Amino acid sequence: MTSSHLRWKTRAFAAYVILSNSFGNLFLAMGMHQSQEVNSVLSALAAIFNPVVALGIVLLISWLLTRMAMLSWADLTYVLPVTALGYVVSAVLGLLFLHEVITPVRWAGTVLIMLGTILVGIGDPHAEKSK
Amino acid sequence: MRSWLLLSVVVGATVTSDMLQAFEMKRQGEVQQAGTFVASIFQKKLLILSIFCMAISFFAFMSLVQIADLSFAVPASAASVVLETILANIILKERVDKRRWLGVACVAAGVYLLAL
């Protein structure tokens with residue numbers, strides 16, 4: 001595989017990882033708002049059969065598998081910071097589709113969490129053990 | 001209040017699941033053949049326990065997004081990064097450099113801002 005092809009493949013997978021996670025969580029939230037309150041294992045299992053919740057779960061499973069596949073050729077130090085963008089994308093989707101009110105303080109918190117995850121993710125993934 | 005309780009379950013179960021997975025996978029060593037590894041999963045008690053914890057985390061997250069904003073639930077669940085880094089340092093003896101501690105501090109500060 002040429003390096004150019006690998007680069008495009010990595011970008012396409014990264015975009016899919018961010019979008020499938022964010023939209024998976026969005027559909028899960030939308031479906032759960034339609035479902036009865038979850039207060040037992042049975043009610044949680046019943047909620048899974050809501051079509052919107054099921055769509056969210058399918059997207060989250062595809063997110064997990066795509067992310068695992070991506071980790072087989074891309075560095076964890078690349079995958080973690082890129083996928084941290086999902087925190088901001090989820091907030092934007094909540095604002096657009098669920099009409100959530102996001103205060104400036106909550107935006108600041110979300111951006112700080114994204115930056116923190118990027119800082120934790122970059123660096124040597126095979127750090128030596130501490131003494 | 002219920003949101004924070006559910007968030008605690010999500011974070012606690014995620015941290016437990018990830019720690020069990022990391023501990024078991026490090027004990028096993030690098031995966032050479034995917035087929036052999038998948039077949040051996042059900043013989044590893046800690047991995048089965050980690051999958052159980054993952055399921056608890058997922059169902060708690062489902063309940064959380066039912067009562068809390070998505071723009072709160074998703075970023076706040078990153079609090080697991082803080083606990084996992086601390087526990088990886090203490091239990092798994094992983095070396096955590098200054099940049100990672102700074103990242104952990106940013107995540108903790110971000111979760112604090114979400115709580116305001």
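## Surroundings of A:Thr10

Setting aside residues up to four places away in sequence, A:Thr10 touches A:Met70, A:Trp73, A:Ala74 and A:Tyr78, where contact means heavy atoms within 4.5 Å. A:Thr10 lies in helix H1 of chain A; helices (H or I, at least four residues) and strands (E, at least two) are DSSP runs, numbered from the N terminus. A:Thr10 counts as buried because its relative accessibility is 11%. The classes are buried (under 20% relative accessible area), exposed (over 50%) and partly exposed (in between), with a 1.4 Å probe and protein chains only.

## Basis of the values

This is a predicted model, in which local features need pLDDT of at least 70 and side-chain atom pairs count only at pLDDT 80 or more, while totals for chains, interfaces and linings use all residues. Residues are numbered from 1 along each chain as its sequence is written, chains are lettered from A and ligands numbered from 1 in the order in which they are written, and side-chain values use heavy atoms, with hydrogens and water left out.

## Chain B

Chain B has six helices and zero strands, and its pattern along the sequence is α-α-α-α-α-α. The C-alpha trace of chain B spans about 45 × 35 × 20 Å along its principal axes. Chain B has 116 residues, of which 45% count as buried. Among contacts in chain B with a separation of 6 or more, 70% are between residues 24 or more positions apart.

## Interface between chains A and B

The size of an interface is often given as the accessible area lost when the parts come together. For chain A and chain B, the buried area is about 3400 Å², and carbon and sulfur atoms give 67% of that area. Buried area here is the accessible area (1.4 Å probe) that two parts lose on being put together, summed over both. A:Arg106, A:Ile113 and A:Val120 supply 18% of the area that chain A buries against chain B, more than any other three residues. In residues, the contact takes 44 from chain A and 36 from chain B.

Eight residue pairs are in polar contact between chain A and chain B, both residues being at pLDDT 80 or more. A polar contact is a pair of N or O atoms within 3.5 Å; within protein, one must be able to donate a hydrogen and the other to accept it, and residues adjacent in sequence count only if both atoms are side-chain atoms. On the side of chain A that touches chain B, the elements giving two or more residues are helix H1 (3-34), helix H2 (41-48), helix H3 (51-71), helix H4 (76-97) and helix H5 (104-121) of chain A. H5(A) gives the most to this side, with 11 residues. By class, this side of chain A has 26 nonpolar, 12 polar and six charged residues; Ala, Val, Leu, Ile, Met, Phe, Trp, Tyr, Cys and Pro count as nonpolar, Asp, Glu, Lys and Arg as charged, and the others, Gly among them, as polar.

## Salt bridge

Side chains of opposite charge can pair when their charged atoms come close. The rule used here for a salt bridge is a side-chain nitrogen of Lys or Arg within 4 Å of a carboxyl oxygen of Asp or Glu. By this rule the count is one salt bridge over all chains. A:Arg106 lies in helix H5 of chain A and B:Asp69 in the loop between helix H3 (45-67) and helix H4 (70-76) of chain B, so the pair joins two chains. The N to O distance between the side chains of A:Arg106 and B:Asp69 is 3.1 Å. A:Arg106 is buried, with a relative accessible area of 16%, whereas B:Asp69 is partly exposed at 30%.

## Nonpolar cores

A nonpolar core is a set of buried Ala, Val, Leu, Ile, Met, Phe, Trp, Tyr and Cys residues joined through side-chain atoms within 4.5 Å. The largest such core has 44 residues, and those with the most contacts inside it are A:Leu28, A:Met32, B:Phe61, B:Leu64, B:Val65 and B:Leu70. Helix H1 (residues 2-28) of chain B gives the largest share of this core, six residues. Not counting residues up to four places away in sequence, B:Val65 touches A:Leu28, A:Ala29, A:Met32, A:His33, B:Leu70 and B:Ala73. A second, separate core of seven residues includes A:Ala14, A:Val17, A:Met70 and A:Val82.

A:Asn25 is found in helix H1 of chain A and is buried, with a relative accessible area of 6%. Leaving aside neighbours within four places in sequence, A:Asn25 is in contact with A:Leu60, A:Ser90, B:Phe61, B:Leu70 and B:Val74.

## Positive phi

Most residues other than glycine have a negative phi. A:His99, not a glycine, has a positive phi of about 55 degrees; A:His99 is found in the loop between H4 and H5 of chain A and counts as exposed at 64% relative accessibility. B:Lys93, also not a glycine, has a positive phi of about 60 degrees. B:Lys93 is found in the loop between helix H5 (79-90) and helix H6 (98-115) of chain B and is partly exposed, with a relative accessible area of 43%.
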